[in-house]
Amino acid sequence: MALTVPPTRTGPSRAAPPGELPAAHRALLCVALPCLAVSAEHGQLTGIGLDGFYESGRRLLSRCQLRVAGREPVALQGRLVAADKARFLAVVRTPADTGPDPEISVERLRDADGTERVVLRSAAKAPRRLMVEIAFGTDLAELAAVAAGRAGPELPATVHTAGLRWTAADGRYAVVTADPAPADALASAGLLRWEFDLRPGVPRTIELRVRSGRPVRPASRTGGVPLPEATAEGDDPRVRALFAASVGDLRALLLRGPGGPTDVYPAAGVPWRCGPPSAEALWAVRMALPLGTRLAAGTLRAVARGQLTGAGDDRGRFPGPLRDAGPHLPPSCTGVEATLAFPAVLAEARRWGLPEQELAELLPTAERCLGWLRAAAGEDGLLADQRSAGPQRAETQAHAHRAAVLGADLLEACGRPGADEWREWAGALRVTFRRSFWIDDRAGGRPAVARSPDGRLLPYLSGSSAHLLDTGLIGGGEQAPGLLDRAQTGQLAKLLGGPGLDSGWGLRGLGAREPGHNPFGHRAGAVRVHETAVAVAGLAAAGHEKEAAGLLRGVLATAEAFGYRLPEMYAGEQRTAGGAPAPHPAACRPAAVAAGAGIQLLVTLAGIRPDAPAGTLTLRPVRDAPLGGLHLAGLRVAGEPFAVRVSRLGLGMVEEAAAGLQLGV
């Protein structure tokens, strides 16, 4: 039988123009960092765009194209079966088919770790002799180069035992092996070929493995993974799917640092942000505290390594890149956000049961963060970008206030000085903020999104105002005081639940009628899942359950549309009957904050407020039970399993908890 050679590419991969990220919204991403597999739903790795198997940021394989009987299979379905695995189903039509119904099917089971099983099945009446060919290729390019359109040409292959090998100029290499070994291998075409006698009902399997010269094991598959096998069940069947997908995605995003088995933290998102831990990692592990404190501890340690400790104005701050802030503000510094998040995450981790030894290890870093805040804030207590040269953002004041209140809580608990001073500072900030940031109008008023250096208020309606409701957890199951008074909180709740910000799919970054609104703008109108989860939790805690439930239902509908793998953001177009949320072409999916948000949204319904150091826990479920009955199991409070059930009437009952944990009112 003649050897059919599919066309090969020797030029650069087809990709987005330089400087433009390739679209990733249609791709299926199998993730088990630092390993990753990307393809379209048809399952063929074509070498176009992001397609390929990756390991530690390098593309080991860009092409893996299957042909059966000289034909490309007809793709029928491609879907994720887990965060790290995908299944592709296709059929092959041949002249020997006896009618319109396909008789040969092909199943491909792909794993992020670089393995794939190709299973051929026949429903024909008689055996078929089939030629199976798989064409491979790679450029061994870094992901950053692939994303920038600079991947370079494919490398020449050499035959290597039961497969092929490619070697880059720097000596790094990739090898593809197959079991069973191919009957033929053609290095010039990167082709492996088999001939099978395929009998009815007797499948034939080819197992492929892609490996590098420096193989690594995914962090999620090593011992001591810091996430339990928690579950959620509910009257609404989407509860189970969203919770399982969120936990799975967060686990898939785990990376291991240099500090041993406990040095684990989540990457911000795939495929674009798999670098050192950032503010997003801190927010993600904060939302995932109901799954235990081990991941928070590992992330806090990883973030702490980057703290600036030298002399000067930046002492105590974390470095971080600038991030787009929408059409009305200059980019914001993610390092400042991480600096303000650190004390709050540490304080809340203590409430959930962080061991004293780990608390003592991380406390000096939190104190340096507070020291930076003290030095950076102005005489009025407000924190501006670049000290006094930039705008004073409302969101930043919310982060600073939370850091001060929860930081005081932390200092007092650990016998450190300064708690009273920080509480006094936070009280003064509340007074200043209510006077300086609230805009009165005929509609009831709104918080300004920022103040310019000359004192001018920016009145734009922004989803970032949800952070004003995120006050933090203190002792006795109580929420910390916030920057807004009761009346202002009620007015903000109306705005967050109103048509300007609530798209029906979640919370827009910028109101629909505001100047510069763009439904695809990162902070100009797109829905950011993290911000929506913050709003839902804050609204529920403040007693505004109707608005919280509306936003929650919107995200749940979105999750269903995205197969329960929530992207970090998506278009903030208005929801209509029969419509679906539109994806953002450059959004990370999975993303740590989106996975954490899926967990927080559902746990919020149970109203779990632990105080592990005091040995108490308070349950304050959402009384309206917007999703009906809910059962959460496998959570962790005080280091022990915790399970809770919420009835359709909004009544909560603890089913499993640590010995001695007292249920408060």
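Reader: What makes helix α4 "mostly covered"?

Author: In this predicted model, 10 of the 11 residues of helix α4 (residues 294–304) are buried. Buried requires a relative accessible area under 20%. The buried residues include Leu295, Leu300, Arg301 and Val303.

Reader: Which elements do the buried residues of α4 pack against?

Author: They pack against the helices α2 (238–252), α3 (279–287), α5 (334–352) and α6 (356–376). The strands β19 (254–256) and β20 (264–266) are also packed against by these residues.

Reader: What makes a group of residues a nonpolar core, and which members of the largest one touch the most others?

Author: The members must be buried residues of the nonpolar kinds, joined through side-chain atoms within 4.5 Å. The largest core has 157 residues, and Phe243, Leu291, Phe342, Leu346, Leu373, Ile608 and Leu632 touch the most other members. Apart from it lies another core, of 38 residues, with Ala37, Val68, Val132 and Leu164 among them. In soluble globular proteins, nonpolar side chains tend to be buried together.

Reader: Which residues does Leu346 contact, leaving aside its neighbours within four places in sequence?

Author: Leu346 is in contact with Leu300, Leu354, Leu359, Leu362, Leu363, Ala366 and Leu410. Of these, Leu300 is also listed among the buried residues of α4.

Reader: How do you know that Cys274 is in no disulfide?

Author: A disulfide needs two cysteine sulfur atoms within 2.5 Å. For Cys274 the nearest cysteine sulfur, that of Cys588, is 7.3 Å away, and Cys274 is in no disulfide. For Cys333 the nearest is that of Cys369, at 13 Å, and Cys333 is likewise in no disulfide. The structure holds zero disulfides.

Reader: Why is Cys333 called partly exposed?

Author: Partly exposed covers the range between the buried limit of 20% and the exposed limit of 50%. Cys333 has a relative accessible area of 22%, and therefore it is partly exposed. Cys274, with 32%, is therefore partly exposed as well.

Reader: Why is Thr532 called buried?

Author: Its relative accessible area is 0%, so Thr532 is buried under the 20% criterion. Thr532 is found in helix α10 (residues 529–541). Leaving aside neighbours within four places in sequence, Thr532 is in contact with Gly506, Leu507, Val527, Leu551 and Val555.

Reader: What makes the approach of Thr532 to Leu507 a polar contact?

Author: The limit for a pair of N or O atoms is 3.5 Å. The backbone nitrogen of Leu507 lies 3.0 Å from a polar atom of the side chain of Thr532.

Reader: Why is strand β32 described as largely enclosed?

Author: Seven of the eight residues of β32 (residues 630–637) are buried, so the strand is largely enclosed by the rest of the structure.

Reader: How do you know that β32 pairs with strand β18 and with strand β33?

Author: Pairing requires at least two bridges. Strand β18 (residues 231–234) and β32 have four bridges, in the antiparallel sense, and the bridge partner of Thr231 is Ala633 in β32. β32 and β33 (residues 640–646) have six bridges, also antiparallel, and Leu635 stands opposite Phe642 in β33. β32 and β33 form a hairpin with two residues between them, and Ala638 in the turn has a positive phi of about 55°.

Reader: What makes β1 and β5 edge strands?

Author: The open sheet has four strands in the order β1-β2-β4-β5, with antiparallel pairing. Both β1 (28–32) and β5 (58–61) pair on one side only. The twist in this sheet averages 25° from one strand to the next. Three bridges join β4 (residues 52–55) to β5, and the bridge partner of Tyr54 is Arg59 in β5.

Reader: Why is Val216 called partly exposed, and where is its place?

Author: With a relative accessible area of 35%, Val216 is partly exposed, because this value falls between 20% and 50%. The place of Val216 is in the loop between β17 (204–212) and β18. Not counting residues up to four places away in sequence, Val216 touches Pro34, Cys35, Glu55 and Ser56.

Key. Residues are numbered from 1 along each chain as its sequence is written. This is a predicted model: local features need pLDDT of at least 70, side-chain atom pairs count only at pLDDT 80 or more; totals for chains, interfaces and linings use all residues. Side-chain values use heavy atoms; hydrogens and water are left out. Buried means under 20% relative accessible area, exposed over 50%, partly exposed in between (1.4 Å probe, protein chains only). Contact means heavy atoms within 4.5 Å. A polar contact is a pair of N or O atoms within 3.5 Å; within protein, one must be able to donate a hydrogen and the other to accept it, and residues adjacent in sequence count only if both atoms are side-chain atoms. Axes are lines fitted to C-alpha atoms, for helices over the stretch in contact, and angles run from 0 to 180 degrees between N-to-C directions.
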